[in-house]
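Thanks for coming. I will go through one model today, going from the overall layout to single side chains. Please have the structure open while I talk.

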Amino acid sequence: MSRRALTREDRRLWGRVERTLDKTRVRPAEPEPPTDPEPRTPPRFVRPDRPPDQPAPPPTAPARPAAHAAPHDLEPRRHRRLARERDPIEARIDLHGHGRFQAQDALTAFLMNAHASGYRSVLVVTGKGARSGGVGVIRSSVMDWVAQPPLRAIVAGIASAHRRHGGEGAFYVTLRR
């Protein structure tokens, strides 16, 4: 079987797969064979330096960075303020005409840039979906995309937009500070 070089598209897709992997799970190392021919002696038990009448302290879990929760629905008051244009929508992106992977890449880049610019509220236009009245692939995927890294760390809330901003074919997205 011959091996071919990976194309640029193959490398991009593989990079997307790698980002979904859980980096905290590490495969245990295989034990190394003994190098010395002498038989090993079992380790000696060493008494702890505390009096025997005190219980051992409970084991502590290693410190992990605080994980961000998945984005919530917008608070009703915030949703109303965005719909009535009392709070500004600071940026917009239209994902019409994008394929699923192109849309995810465009949305990720847009939200990361908006967050870096200090924006708090943006509008994401996805379209309603299939012409036959079904729900579109991009629209149904947006909630999953913002709930996964790296967007989970910057998105505070998401909700369907008001009719004047696209209705069921658009989302208000609020970003963390």
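From the N terminus on, the order of elements in the protein chain is α-β-α-β-α-β-α-β-β. That makes 4 helices and 5 strands, where helices (H or I, at least four residues) and strands (E, at least two) are DSSP runs numbered from the N terminus. The model is predicted, so local features need pLDDT of at least 70 and side-chain atom pairs count only at pLDDT 80 or more, while totals for chains, interfaces and linings use all residues. Residues are numbered from 1 along each chain as its sequence is written, and side-chain values use heavy atoms, with hydrogens and water left out.

Some totals. The protein chain has 177 residues, and 27% of them count as buried. Buried means under 20% relative accessible area, exposed means over 50%, and partly exposed is in between, with a 1.4 Å probe and protein chains only. The accessible surface comes to about 14100 Å², and carbon and sulfur atoms hold 54% of that; the areas come from the Shrake-Rupley method with a 1.4 Å probe, and for residues only the protein chains shown count as cover. Taking contacts in the chain with a separation of 6 or more, 65% are between residues 24 or more positions apart. Contact here means heavy atoms within 4.5 Å.

Now the sheet. In what order do the 5 strands stand in the open sheet? The order is β1-β4-β5-β3-β2, with mixed pairing. Two strands pair if DSSP finds at least two bridges between them. β1 (72–73) and β2 are at the edges with a single partner strand each, so one side of each has no neighbour in the sheet.

One of the bridge partners is V125 in β3, which goes with D94. Between these two strands the chain passes through helix α3 (residues 100–116), and this β-α-β crossover is right-handed. Right-handed means that, with the strands pointing away from the viewer, the path from the first strand over the helix to the second runs clockwise. In a regular strand the side chains alternate between the two faces of the sheet. In β2, A91 and I93 are on the covered face, and R92 and D94 are on the uncovered one.

Next, helix α4 (residues 137–146). Its buried residues are I138, R139, S141, V142, W145 and V146. These residues span an arc of only 165 degrees around the axis, which puts them on the same side of α4; the arc is that of the directions from the helix axis to the C-beta atoms. Their cover includes α3, β4 (155–160) and β5 (170–175).

W145 leads on to D105. The two are 40 residues apart in sequence, and their C-alpha atoms are 9.9 Å apart. D105 lies in helix α3 and is partly exposed, at 29% relative accessibility. Which residues are in contact with D105, leaving aside its neighbours within four places in sequence? They are R12 and R16.

That brings us to salt bridges, defined as a side-chain nitrogen of Lys or Arg within 4 Å of a carboxyl oxygen of Asp or Glu. The count by this rule is 5. In the one between R16 and D105, the closest N and O atoms are 2.5 Å apart. R16 is in helix α1 (residues 8–20) and D105 in helix α3, so the pair ties together parts that are 89 residues apart in sequence. R16 itself is buried, at 10% relative accessible area. Both residues belong to a network of salt bridges that links E9, R12, R16 and D105.

D87 takes part in salt bridges as well. With R78 the N to O distance is 3.4 Å, and with R81 it is 3.0 Å.
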